[in-house]
Each structure stands twice: as C-alpha cells, then as structure tokens.
Amino acid sequence: MQLDSTARWFLLAVLAGFGLLRIWAMFAVHFTDTTEARYAEIARKMVETGNWLTPQFEYGVPFWGKPPLHTWLSAGGMQLFGVNEAAARLPILLTALAVLFLIWLWVRDTVGRNTALIATVVLATMGMFFGASAFVMTDMPMVLGTTLVMVGFWQAVTGAGSRWGYAVFLGLALGMLAKGPVAVVLCAIPLTLWLALTWNWHLLRLLPWLRGMALLMVLVVPWYVAAEIATPGFLHYFLIGEHVQRFLTPGWQGDLYGSGHQEAKGMIWLFWLMAALPWSLVPALLLTRPGKTVTTLRQDRSGWLLYLLLWAMSPVFLFTPASNILAAYVLPGLPAAAVLLVVLFAEVFETQPGRATRVGFAIATSAIFALFLSLTSGAIFAPQQIRLKSDKALVAAASAALPDAQLYTLGGRSYSAEFYSGGKARAIENEDFARLAIDGAPAAFSVPPDQATAAAAFGLESLGEYGRHVLFVTPAAGEVK
C-alpha cells in the first residue's frame, strides 16, 4: 500500500492513543469478577505461598483448569512490582505487544512497511484484542504461541531462514503451557488444510523436526509430569475433562472451578464478528465486489491469502459444533484476520487510500476508541453507578472499620474480595451467616442487596452499598470515618 507521511503519522498516533488508554486502564481499573479477579488471585496465591509448580484455586486446592504460563507471568509481575493490578497485568500486555511486533515484522518482510503498519493498527484496535491485551487470563499468552507457530512456519518454508523453524516448536510449547493441547489443534487445522489444498506436503521436510521436537519436549513435558506427581489426577481432568467433555457436553457439569457456558451451536461466528469490531464490517464491503475478491484470492499463487484465511477461521472451524464456548475463543484467529482484511481491501479497492477510505478509517478508530474510553472512565470514576463487579472499595471500607476482622462474603466467592484482602475474605452459606452474625466476634459481611434486611435483623450495622454488595459489620465497629 502507498501512504504519505500524514497517513503514517496518523496511524502512529492511533497506536499511541490506544496504548496510553490501555496503560491507564491497566493501572486504574479494579480487578472485576469473575474471570480476571479469579486468575489474579491464583497468581497472588502463587506469590504468597511460594508454590510455583501448582497454581492454587483455594489454599491447598490445586487449579487444574489451565497450565501455569499466564499465572507465572502475572505472579512474576507481582513478585517484581508488588501485589497490585498493574503488576499482574503488565506481563500480559507485553505478550500482546509481542504479538503486534511479530505481525508487523512478518507483514513488513512479506508485502512492505505500509501494509504492516496498517495491519498492526487494525489488530491493535480490534475490540477483543484490545480488551484482552492487558487482561489477566490465559488467552493472550496462547495467542502469542499460535502466532509464533503460524508466522514461523510460513517464514521457514518460504526461505526466510532455517531458524524460523524452531519458532514453530517454541510457539507450540508456549501454547501447551498457556492453555494446553487446544493450541496445537488451532494451529494444526489451518496448516493441514493449507498443505492439503495447495498440495505442499513436501514443505514439512523443511522443519527441524528432531531438534524442534526435542525443544518442545524439554519445555513442556517436565511441568506436566511434575504437576501430575504433585497432584495426582491432574492429567485426566485436564486432558479428558477440559479438552473433551468441555467441548462435547453443553453446560458441562464436571467443571471443578465454575460452570459450563451453554451457547447455541454456531454462536462462535457471532462472537467472531463481535470480537473483530469495527473491522468485521470490512467483509461486508468486500461482498459488494465479490468477483474482484474471489479473483484476488484465486490469483494469489503464493497461497499466502489462503493461509491467512484458514488461520483466521481456525477457531470458527473448531468451535462451530461446540456449545460450551466463550467469546475469547476467537482470539487466536484475529492476527491473521487483521492482515487478510487489510490486504484484500487494498487489492480489491485501492492500494493508495483515497479520501473516503481515510475518513472511514478515522471514524472507525475514533468510534472504538470512544467506546473503550467511556468504559474505562465509567469503571474508574463511577464504579458504584455502573455496579462494577469489584469489591475493592468494599474491602477497603471493611478494613478501615475493623482492621483485623474476618471478611465474609455471602452468595458465593468474590475473587476480587479475596485478592484485595490478601486472601482473608471467605465465602459462607446462609446457615453459617446466622451463626457468625450473632457470634459476637468482630466481623465484616459482604451481603447481596436482597439479603440486607436479614442482615439488619441480626443486629449488624450497615456501612453502605458498594456496587453489587452491601457491607455490614458487627456493632462494635462503629462508623467508618
């Protein structure tokens, strides 16, 4: 693509603006329940206990749901910079930046700097990618792994250097340590289909299979073996439960750490469109010129566009028949989708963006920026009004009223309360609530609004509503000053 200096500076300004917004949110937004607060609390427990082998769901209860790479990253951040939101999120942000750099480098070497810059901006501003870019969870480290596999394979088989072949196996190791065998499947689907459709099976000989597999085994096998020895039963639950039953069984009831997410089959397609916003509107534009679009794909003798298409759609191919899915499952395909949409648009419409294209691009980036700015501002400045699912303020109020008292959460675990209380918050059932409320010992209680009347009937004193919960303390606490 052809860009003048003004366009390039605008694109760099977009990257800078989104980067600053993400860093602001990384420092200022509280951990929210359940996903991010849960993974952050698991990482905090790793730092506190010093057990870097087995992530813990509760003290002494192993977390078998995912491998530990994301936990190691967030725990490492907190080990270095203290137990806080930014420290836990920073390593995840670095993995997202690594993905962006890898895509920029690859596209630059393949079709040029201008296209690489645009594709990087498109990926960075995709709704799901931006949201997950500093979010404490498993997906972004796995995306780094799958991206490294796919970029490394293409570079290795197209003569960019034999060292890229080792990137394939390094990426597989990252994926196996971030989320498990699903990372291998997400790479195997597009690679197998591309090799079959282009009849390029001979390219597999260009990979360093012996040394690459040795690298993969050395990086992955020790932890899996050690985890099974430390907590027998891990391999069966993780490999069979999390990768077979979760995939095949709607609303899977065997989940030890939550509940199944039952969606209509095929819902992953809608998730993909939502995750890629605002750029998921580009396919609609391409459909206005179907002939040119198909011709562009067919005339690509290198097979690169087909490679990108299969990679972008691999999560959709895998999860279309599944019901137990989340929107984040489409993330591994977004790097390829960003590149493909930019290249196709340039080929089908114009290699030198005109006024209409520039205005449309500016509107799209401004709209998604405004959306995330409003969400971030609401979470920071009006958490009570939007009923943010975080108990940071509640924990602070409870600690101010009764510094050494136990905090009990009624109505299920609050991972954010556990994180911000340093693991002191404990979930209780209704029958325990009555006993503890009249026990007389100093205590604080996080209570759902619909049970506030019962709490008052036990003689507890209300300190106010904090988001989705009401804070009660034993009468000896007095007023919070």
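Analyst: Let us begin with the second largest cavity, which has a volume of about 30 Å³; the model is a predicted one.

User: What makes this space a cavity, and which residues line the second largest cavity?

Analyst: A cavity is a set of grid points where a 1.4 Å probe fits but cannot get out. The lining of the second largest cavity consists of Thr146, Met150, Leu186, Cys187, Trp311, Ser314 and Pro332. Helix 7 (139-157), helix 9 (182-198) and helix 15 (304-319) are the elements that give two or more residues to this lining.

User: How do you know how many residues of that lining are nonpolar, polar or charged?

Analyst: Met, Leu, Cys, Trp and Pro count as nonpolar, whereas Asp, Glu, Lys and Arg would count as charged and the others as polar. The lining of the second largest cavity therefore has five nonpolar, two polar and no charged residues.

User: How many cavities of 30 Å³ or more does a search of the whole structure find, and what lines the largest cavity?

Analyst: The search finds two cavities of 30 Å³ or more. The largest cavity holds about 40 Å³ of space, and its lining is made up of Thr54, Pro55, Phe63, Trp64, Lys66, Trp223, Ala227, Thr231 and Phe234.

User: Why is the second largest pocket called a pocket and not a cavity, and which helix gives the most to its lining?

Analyst: The word pocket is used because a pocket is an open set of points with protein on both sides, whereas from a cavity the probe cannot get out. The second largest pocket has a volume of about 610 Å³ and is lined by 24 residues, of which Trp279, Thr357, Arg358, Gly360 and Phe361 lie nearest its centre. Helix 17 gives the most to this lining, with seven residues, and the elements that each supply at least two residues include helix 1 (5-28), helix 5 (113-125) and helix 16 (334-348). The lining of the second largest pocket divides into 20 nonpolar, three polar and one charged residue.

User: What makes strand 3 mostly covered?

Analyst: Strand 3 (residues 406-410) has four of its five residues buried, and buried means under 20% relative accessible area.

User: How do you know that strand 3 pairs with strand 4 and with strand 5?

Analyst: Two strands pair if there are at least two bridges between them. Four bridges join strand 3 to strand 5 (residues 443-447), and these strands run parallel; Tyr408 stands opposite Phe445 there. Three bridges join strand 3 to strand 4 (residues 426-428), again in parallel, with Thr409 partnered by Ala427 and Leu410 opposite Ile428.

User: Why are strand 4 and strand 6 called edges of the sheet?

Analyst: The open sheet has five strands in the order 4-3-5-7-6, with mixed pairing. Strand 4 and strand 6 (461-466) each have a single partner strand, so one side of each is left without a neighbour in the sheet. On average, neighbouring strands of this sheet are turned by 25° against each other, direction ignored.

Conventions:
Residues are numbered from 1 along each chain as its sequence is written. This is a predicted model: local features need pLDDT of at least 70, side-chain atom pairs count only at pLDDT 80 or more; totals for chains, interfaces and linings use all residues. Side-chain values use heavy atoms; hydrogens and water are left out. Buried means under 20% relative accessible area, exposed over 50%, partly exposed in between (1.4 Å probe, protein chains only). On a 1 Å grid over the protein atoms alone, a cavity is a set of points where a 1.4 Å probe fits but cannot get out, and a pocket is an open set with protein on both sides within 12 Å along at least five of seven lines; lining residues have an atom within 4 Å of a point. Grid points are joined across faces, edges and corners, and a volume is the space filled by probe spheres set on the points. Axes are lines fitted to C-alpha atoms, for helices over the stretch in contact, and angles run from 0 to 180 degrees between N-to-C directions.
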